[in-house]
Amino acid sequence: MNTFELLGHPIRLRVVHAMRGGRTLTTSQLCARIPDVSKATVYRHVELLATGGILEVAGEQRVRGAVERRYRLRQDRATIDAGMVESMSLDDHRHGFATAMATLLAEFNAYLDRDHADPVADLVGYRQHAAWLSRDELLEMIGELRDAIAPRLANPPAPGRARYLLSPILFPAEDAPATPETG
């Protein structure tokens with residue numbers, strides 16, 4: 001399986017999200033972080049990610065006669081690079097978007113199912129905005145968003161830090177008019 005296929009499943013994408021921040025976790029710890037998915041399913045997807053090189057074994061230890069593995073995310077393998085994006089068909093993009101939305105919905109439902117979920121206190125947001133932008137304005141905005149977000153992606157887990165899922169979604173909702181509209 002290539003990287004797109006490996007990351008193109010909502011449960012595998014949730015495992016990747018849970019591993020971000022330099023974490024090393026066992027499959028049991030991952031199951032605790034994704035409680036709405038069966039243990040057998042999490043184990044199966046962890047194995048696929050490890051076989052595909054997205055996860056690597058960071059260590060092993062014996063626990064009650066079985067070998068328990070601690071996994072680490074291979075950041076360099078857990079991304080869809082520009083070359084792959086350019087080679088994707090429209091159906092690939094449709095599949096990727098559907099996977100992202102299914103993952104987002106599953107993660108949001110898991111958040112709301114927690115006993116202590118408080119969207120107001122947690123500053124949860126899911127606003128949508130429509131902005132009219134030229135290509136240059138769009139590129140400028142994308143650069144500004146990257147400049148704001150990228151440094152925070154390197155933050156490791158720490159006391160007082162919660163893991164937030166940030167999903168910028170950007171696409172043209174309609175074509176640009178061929179000529180300026182009057183009226």
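A residue is taken as buried under 20% relative accessible area, as exposed over 50%, and as partly exposed in between. In this predicted model, Arg 74 has a relative accessible area of 26% and is therefore partly exposed, whereas its salt-bridge partner Asp 76, with a relative accessible area of 55%, is exposed. The side chains of these two residues meet at 2.9 Å, N to O. Salt bridges that share partners also join Arg 14, Asp 36 and Glu 107 into one network, and a search of the whole structure finds 6 salt bridges.

Among these, Glu 56 pairs with Arg 72, with the closest N and O atoms 2.8 Å apart; this pair links distant parts of the chain, since Glu 56 belongs to strand β2 (residues 55-63) and Arg 72 to strand β3 (residues 66-73), 16 residues apart. Glu 56 counts as partly exposed at 29% relative accessibility, and Arg 72 is likewise partly exposed, at 33%. A further salt bridge is formed by Glu 60 and Arg 69, whose closest N and O atoms lie 3.0 Å apart; here Glu 60 counts as exposed, at 52%, while Arg 69, at 36%, counts as partly exposed.

Thr 3, in helix α1 (residues 3-7), counts as buried because its relative accessibility is 12%. Beyond residues up to four places away in sequence, Thr 3 touches Ile 54, Arg 77, Thr 79, Ile 80 and Met 84.

With regard to confidence, the protein chain averages a pLDDT of 92, and 98% of the residues score at least 70. Confidence is lowest in helix α5 (residues 82-87), at a mean of 91, and highest in helix α4 (residues 39-51), at 97.

Definitions and conventions
Residues numbered from 1 in each chain as written. Predicted model: local features only at pLDDT ≥ 70, side-chain atom pairs only at ≥ 80, totals over all residues. Heavy atoms only, no water. Helix = DSSP H or I, 4+ residues; strand = E, 2+ residues; numbered from the N terminus. Buried < 20%, exposed > 50% of the residue type's maximum accessible area, 1.4 Å probe, protein only. Contact = heavy atoms within 4.5 Å. pLDDT = per-residue confidence, 0-100. Salt bridge = Lys/Arg side-chain N within 4 Å of Asp/Glu carboxyl O.
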